[in-house]
Amino acid sequence: MPNADSVLLQGRGSMVDIVQAIGRALRMKPGEGKTASLIVPVFLKAGEQPGDILESDSYGPLVRILSALRSHDARVVEALAVPQKSGRRTTGRGAEAAALPGEGGSGDGGAGAFTLPVRFQVPVDADVLALFVSSRVLTSESQFWREGIGHARRWFDETGGLDVPYSAMVGESGNFPLGKWLSDRRTEHSSGELARHRVMMLDDLGMIWSVSDARFEAGLDWARVWAKGHGGSLACPARASVGGYAIGTWLSELRSAAQVPVGEAGALTPRRRAALEEIDPWWCPAWPIVWQRTYAVARQWWLESDGCVDWTVLPVDTVFEGEQLGRWAKAQRAGWAELDQEQQDLLSAIGIEEDQELAAARAAACRAAVGCGRVRRRVPPR
C-alpha cells in the first residue's frame with residue numbers, strides 16, 4: 001500500500017527498510033492532509049511493567065522507529081527531548097512535539113504540518129518520554145546510565161530536589177546506589193569528563209553539582225526566616241531551630257569556619273560571608289555571641305518602645321524575651337571601658353551610655369579583688 005494511513009512496525013530489519021515503511025505512512029498528495037498512525041508493539045519480559053521505558057530493553061523497537069522518524073524530520077523527534085529546566089515540560093505540550101512545518105507546511109498545524117504525538121497504551125509521563133528520547137534515541141546511553149537517570153527523575157519528583165545522601169539505595173529492590181551514582185557524576189563533571197549532553201540531562205532535573213553550596217543556600221533561607229522573627233539578628237543559641245531546621249548548629253559551624261584564615265582548608269569563602277552579612281552584619285562578632293544576642297533583645301525592646309527608653313532607671317530585674325535585660329544594661333553602663341569601640345557604638349545607637357559612678361564602683365571592686373589575689377580576665381561585660 002503506497003499511501004497507507006496506519007502502519008504496524010515491529011522495528012525489525014534494516015534501518016533503510018524501516019525508514020521506507022514510515023515514508024509510506026507519511027506520504028500524501030499536495031494539499032491533502034492526513035493523520036498517519038505508526039503502531040509499535042512492545043513485548044515485555046517477565047517482571048517488567050508497562051511504562052518503564054527508561055530501563056527496559058524491550059522498548060528497543062520503539063527506539064529504532066523514533067530513530068528512523070528522525071531521518072524524516074529531526075526537529076520533531078528532538079523536540080520531544082526538551083523538558084523545562086525545572087524538570088517539568090512546557091505547560092500544555094504534554095507529550096506532543098510543537099507543530100513544525102513539513103514540506104509545504106505552514107507550521108500552524110494545518111495541512112502539511114508535521115506534529116508528533118507519542119501515546120502509549122499505559123500513560124507515560126512527558127518528562128520520562130523526554131529522558132527516553134534523550135538517552136536512547138539521540139545518544140544511545142548505557143543501561144546503567146538509563147537506570148541512574150530514571151531513579152534520579154523519580155527522586156526529584158518525590159522530593160523536589162536532588163540532595164541525595166551518598167548511602168541512598170533506591171529501586172523496587174533497593175539495590176540501586178543512587179547517592180553514589182550522583183556522586184560519581186559530580187566527580188566526572190568536576191574533572192571535565194562528563195559528556196555535555198549528560199550534563200544537560202542532569203541540569204534539566206535540577207542537578208546539584210555542589211552539595212555544599214546547595215546545603216548552604218538551604219541554610220541561608222532558614223537564616224532569613226530566623227532573622228525576620230528576631231529583629232534581623234542571627235545571634236541565636238546553638239540549640240535553636242526554626243521549622244525543624246537546626247539553625248543554631250548551622251550558624252555555629254559557620255562562625256568556626258569564619259575564624260579560619262582565608263585560603264586555608266575549612267575557611268569560610270568571601271561569598272558566603274557576604275551573604276550572611278547581608279542578613280546580619282553582626283552574625284559573627286569579635287565578641288561573645290551571647291553579648292550580641294542580648295544586645296539584639298535590648299534593641300528589640302528599644303524599638304518596641306519607639307526609642308523612648310531611660311536605661312538609667314530600668315529595673316534590674318527586668319526580663320524580656322527570656323533575657324535578664326535590666327542586669328545586662330546595668331553591666332554595660334558599668335563596664336563601658338572594657339567594651340570594644342564597635343560595641344560602644346551599637347549601645348549608643350539605642351541610648352545606652354557609660355555611667356561613670358557605676359564604672360568607678362566597678363573599678364574599685366576590681367582593685368579590691370586583685371588585692372585579695374583574685375585576677376580576672378578582661379571580657380566584655382554581660
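This is a predicted model: local features need pLDDT of at least 70, side-chain atom pairs count only at pLDDT 80 or more; totals for chains, interfaces and linings use all residues.
The arginine R255 is placed in helix α9, which spans residues 247-258. R255 is buried and yet has no salt bridge. The nearest side chain of opposite charge belongs to D280, at 6.6 Å, whereas a salt bridge requires a side-chain nitrogen of Lys or Arg within 4 Å of a carboxyl oxygen of Asp or Glu. Leaving aside residues up to four places away in sequence, the contacts of R255 are L234, A235, C236, W283, C284 and I289.

A further arginine, R185, is found in helix α6, formed by residues 178-190. R185 has a relative accessible area of 9%, and therefore counts as buried, the limit being under 20%. Beyond residues up to four places away in sequence, R185 touches W145, L194, L202, M207 and W209.

The remaining two residues concern the backbone. Most residues other than glycine have a negative phi. Against this background, D306 shows a positive phi of about 55° although it is not a glycine. D306 is situated in the loop between α11 (289-304) and α12 (325-334). With a relative accessibility of 68%, D306 is classed as exposed, because the threshold for that class is over 50%.

Where is E321 placed? E321 also belongs to the loop between α11 and α12. Its phi is near 55°, a positive value in a residue other than glycine. The relative accessibility of E321 is 54%, so E321 counts as exposed.

Key:
Residues are numbered from 1 along each chain as its sequence is written. Side-chain values use heavy atoms; hydrogens and water are left out. Helices (H or I, at least four residues) and strands (E, at least two) are DSSP runs, numbered from the N terminus. Buried means under 20% relative accessible area, exposed over 50%, partly exposed in between (1.4 Å probe, protein chains only). Lys and Arg count as positive and Asp and Glu as negative; His and the chain ends are not counted. Contact means heavy atoms within 4.5 Å.
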